[in-house]
Amino acid sequence: MDPEIGNVLGSPKKDSWKTILLLAYQSLGVVYGDLSISPLYVYKSTFAEDITHSETNEEIFGVLSFVFWTLTLIPLFKYVFIVLRADDNGQGGTFALYSLICRHANVSLLPNRQVADEELSTYKLECPPETKDRSRIKMCLEKHKNLHTALLVVVMVGTCMVIGDGVLTPAISVFSAVSGLELSMSKEHHEYAVIPITCFILVCLFALQHYGTQRVGFLFAPIILAWLLCISALGIYNIFHWNPHVYQALSPYYMFKFLKKTKKDGWMSLGGILLCMTGSEAMFADLGHFSYTAIQIAFTSAVYPALILAYMGQAAYLSRHHKIYSSYQIGFYVSVPESVRWPVLGVAILASVVGSQAIISGTFSIINQSQSLACFPRVKVVHTSERIHGQIYIPEINWMLMILCIAVTVGFRDTKHMGNASGLAVITVMLVTTCLTSLVMILCWRKPPLLALAFLLFFGSIEALYFSASLIKFLEGAWLPVLLALILMTVMFVWHYATIKKYEFDLHNKVTLDWLLALGDKLGIARVPGIGLVYTDLISGIPANFSRFVTNLPAFHRILVFVCVKSVPVPYVPPAERYLVGRVGPPDHRSYRCIVRYGYRDVHQDVDSFEAELIASLSDFIKLDASYGGGQSEQLMHEDGHGLTVIASNALKGRPSYDVDHTIQHRSVSIECNERNGIELAPKDSRKKVRFFIENDSNSNFNKHVREELEELWMAQESGTAFILGHSHVQTKPGSSILKKVAIDFGYNFLRRNCRGPDVALRVPPASLLEVGMVYVL
């Protein structure tokens, strides 16, 4: 399920116990769908050909011991008690950890960082005294650019594996649930029934994605709760009916005994055992929807005990049925009494659909976040709920996932190969989380490096053991997530590399402010009615595509706004803090700059609300600038051609004119050039709080020039708005390496031609779109 559902801008101050328990109940369907259905395929994957079940029960008891301690150490201790605390304003997941690191150390590769972004209320950057060791590690990270790239690559690997899990989890979950038909049919019949039914359920699941999960979301928690009660009851029944002493297998002694007897085969079987913690990452990724306490209560009181009872019950049954050698008969359903097998099958199928829905929605969310880092080609993001922020649907990704899921089901046809593939994807994501959390402990929590190293070595060594067991099965299914990750990594890295190079090209080819101010009637340049929004990635300066536009069409709009849509390393930017507005040139030129900031979990607004808020922000800026005399901006322009005055205000959001009495902050900022980050806005030391009052009648204190500027703005809005975007053609420089030519001339241009354009990502109406052709020589 999407981690953005529900409370998106912070959690309440203090939840009551009633609220916490309600959130814990709701989290069962959203967070634990994938983790709860793991008993369907863990034993079946573990005993698939690598090891056999002997009459001494050492194998089954050893597997049970491994499952118990794996669930205890990784989901319980690592995630519930440690990783869940590494939240970013209540948000979790790989991008939350990366954004925390980027805020506390200058390691982001996006070259549009502004000091003004640190004033965001969601930034929350505490700066206690730095220890010597921490300062040394931070300086090392910031000094070496290769480490910045390596950090981004690690995040990309985690992202690609989450997307790969979005392909594998629906396939193995639904297939394992439907495979219960095997015990009710002959072998000849079930081979022709399980695959078609699984494919049909998958097609239905993906075909319903565009409706969103809001309408059926209320069913998720009861389904998973019913499933947890079902497997708990079955576990208790099997324990008391077949082997009440199975609890002895929880001792870690049986793990060593298991490895001693099975040796290499037992080590290889760990790839199936690790599937018991599939879905643990969802506890952290879905933290934004639920509170830390709610997820903790749900896992410790319901999910964890139910899973342990389920695995103990299966082990108790198998310990008394040594004649079971068939791979399909050692699965979950063999331990279900025949009298309740059909109802359990129905609940299992519903639970598998819920678990699949969670990872599909999570895949949509993480791809949308990848776009915010300029690490993924533009795709169309559709809101599926007007009330709940963050429920999104991506058509292209949805149908690609469906095709890949069906291909995996038809191609593998068994739980063993699907489990090998899914296990490698899951354990890779966990390793990435462990590495990033250790950095967060040093940089953000200010913990001693030795403590972070102990965390990394303890949990990293456990996960590395499972990772090696999964990787050794490369030819038996584990090649699939590796192949998917390589393809996705190539796409993401090529897109990110070309985007950074295009930004650097724009930075070096931008036009001076003097050139813009010189455009006048003497040169035959006309100012036409309306508002022209010139989109650019630059946070200062005049983009080259605007000069190309004016050169070919010697006219531009009476109101000119240079709009930069940028992402900042926070999950959400409150609407009141989204816009940074300033002048470009003197007031009579009617040119402005607007920097629109989005967080990595924000979804871009539709064009109507965006245009209305932008006009309101310009109106607010004109009024606030007048309250300071308006002379400071003009003075900066004459002193420094790159000067800019920015006012970030929480006031006056909405209609252009109404009564208000607010306290706002006026920040005069200057431009500093930085070789690495390009242009950076640095606030001056002076900071001043002012109270102002704007009346809605004709007796307003605004002077004549301000009234004229506001009237021109509103008249231009009535005349219409044009969106001016650059239409890029990218090619490499002569003499470039073959690798660069392949990446840019073939890879990036292929992606650009076959993916959505910037007009779709920015939700620009086609009737108001003006595209200016630009050739980028990188």
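Modeller: Let us begin with burial: a residue counts as buried when its relative accessible area is under 20%, and as exposed when that value is over 50%, with partly exposed in between. Please keep in mind that this is a predicted model.

Biologist: Which residues of helix α22 are buried?

Modeller: Helix α22 covers residues 544–552, and its buried residues are A544, N545, F546, S547, F549 and V550. These buried residues pack against α21 (513–518) and against the strands β3 (526–535), β4, β12 (721–731) and β13 (769–777).

Biologist: What share of the residues in the chain is buried?

Modeller: Of the 778 residues in the chain, 59% are buried. The chain contains 27 helices and 13 strands, and it exposes about 31900 Å², of which carbon and sulfur atoms supply 61%. As for contacts between residues at least 6 apart in sequence, 83% join residues at least 24 apart.

Biologist: Is Q357 buried or exposed?

Modeller: Q357 is buried, because its relative accessible area of 7% falls under the 20% cut-off. Q357 belongs to helix α16, residues 341–372.

Biologist: Which side chain does that of Q357 join in a polar contact?

Modeller: The side chain of Q357 makes a polar contact of 2.7 Å with the side chain of Q209.

Biologist: Which residues lie nearest the centre of the largest cavity, and which helix gives the most to its lining?

Modeller: The lining comprises 27 residues, with V162, E281, A282, A285 and I359 nearest the centre. Helix α16 gives the most, with seven residues. At least two residues each come from α5 (94–104), α7 (145–178), α14 (281–285), α16 and α18 (415–443).

Biologist: How is the second largest cavity lined?

Modeller: The second largest cavity holds about 250 Å³ of space. Its lining has 18 residues, and S108, L110, S567, V568 and P569 lie nearest its centre. Both α5 and β4 (555–567) supply at least two residues of this lining, and the largest share, four residues, comes from α5. The lining of the second largest cavity divides into nine nonpolar, six polar and three charged residues.

Biologist: Where is N106 placed, and how far apart are N106 and M139 in space?

Modeller: N106 is in the loop between α5 and α6 (132–143). Its relative accessibility is 23%, so N106 counts as partly exposed, between the limits of 20% and 50%. N106 and M139 are 33 residues apart in sequence, and their C-alpha atoms are 9.2 Å apart in space.

Biologist: Lastly, what is the phi of R413, and what is that of R446?

Modeller: Phi of R413 is near 65 degrees, a positive value in a residue other than glycine. R413 is found in the loop between α17 (395–412) and α18, and counts as partly exposed at 48% relative accessibility. For R446, phi is near 60 degrees, again a positive value in a residue other than glycine; R446 is in the loop between α18 and α19 (449–471).

Terms used:
Residues are numbered from 1 along each chain as its sequence is written. This is a predicted model: local features need pLDDT of at least 70, side-chain atom pairs count only at pLDDT 80 or more; totals for chains, interfaces and linings use all residues. Side-chain values use heavy atoms; hydrogens and water are left out. Buried means under 20% relative accessible area, exposed over 50%, partly exposed in between (1.4 Å probe, protein chains only). A polar contact is a pair of N or O atoms within 3.5 Å; within protein, one must be able to donate a hydrogen and the other to accept it, and residues adjacent in sequence count only if both atoms are side-chain atoms. On a 1 Å grid over the protein atoms alone, a cavity is a set of points where a 1.4 Å probe fits but cannot get out, and a pocket is an open set with protein on both sides within 12 Å along at least five of seven lines; lining residues have an atom within 4 Å of a point. Grid points are joined across faces, edges and corners, and a volume is the space filled by probe spheres set on the points. Ala, Val, Leu, Ile, Met, Phe, Trp, Tyr, Cys and Pro count as nonpolar, Asp, Glu, Lys and Arg as charged, and the others, Gly among them, as polar. Contact means heavy atoms within 4.5 Å. Accessible areas come from the Shrake-Rupley method with a 1.4 Å probe; for residues, only the protein chains shown count as cover.
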